[in-house]
Amino acid sequence: PYCDSFALIKNASVIITVSGTMAYEAGLLDYPAITFSKMFFSCLPSVRYCSAIRELPFILDELFHYHKCDLNDANKIKFLAWFWNCNGASDAFFLYC
């Protein structure tokens with residue numbers, strides 16, 4: 001609980017979580033992440049939703065070959081502004097993704 005999550009993200013090949021903040025932070029930093037729940041941030045370029053465990057090897061292979069895109073500060077601010085203007089995360093997922 002007292003670890004620097006950004007240091008963990010930067011040193012990981014892929015972040016894998018059920019639905020956690022670590023995947024959200026990784027997505028905003030454009031690091032590969034996998035969630036097992038549909039999340040409002042699953043549409044970020046480096047984040048993948050895994051709906052079945054049998055998909056995991058294929059998603060991992062894809063993310064191991066992921067190249068960072070141009071997720072610059074302007075794009076991050078646009079995404080965050082859009083999210084905060086939504087009524088909630090469940091609405092946000094269906095509107096954005």
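**Ground rules.** Because the model is predicted, I take local features at pLDDT of at least 70 and side-chain atom pairs at pLDDT 80 or more, while totals for chains, interfaces and linings use all residues. Residues are numbered from 1 along each chain as its sequence is written, and side-chain values use heavy atoms, with hydrogens and water left out.

**Helix H2.** I looked up H2, residues 21-28; helices are DSSP runs (H or I, at least four residues), as are strands (E, at least two), numbered from the N terminus. H2 is mostly covered, with 6 of its 8 residues buried. Buried means under 20% relative accessible area, exposed over 50%, and partly exposed in between (1.4 Å probe, protein chains only). The buried ones are Ala23, Tyr24, Glu25, Ala26, Gly27 and Leu28. Just after H2, I found aspartate 30 with a positive phi of about 65°.

**Surface patch.** I found Ile16, Val18, Phe36 and Ile53 in a nonpolar surface patch, together about 370 Å² of accessible area. Areas are Shrake-Rupley values with a 1.4 Å probe; patch residues have over 30% relative accessible area and no salt bridge, with nonpolar side chains (Val, Leu, Ile, Met, Phe, Trp, Tyr) joined within 5 Å and like charges within 9 Å. Isoleucine 53 sits in the loop between E3 (47-49) and H3 (56-64) and is exposed at 62%.

**Salt bridge.** My search of the whole structure gave 1 salt bridge, defined as a side-chain nitrogen of Lys or Arg within 4 Å of a carboxyl oxygen of Asp or Glu. Glutamate 62 pairs with arginine 48, the closest N and O atoms being 2.9 Å apart. Glutamate 62 is in H3 and arginine 48 in E3, so the pair ties together parts 14 residues apart in sequence. Glutamate 62 is partly exposed at 40% relative accessibility, whereas arginine 48 is buried at 19%.
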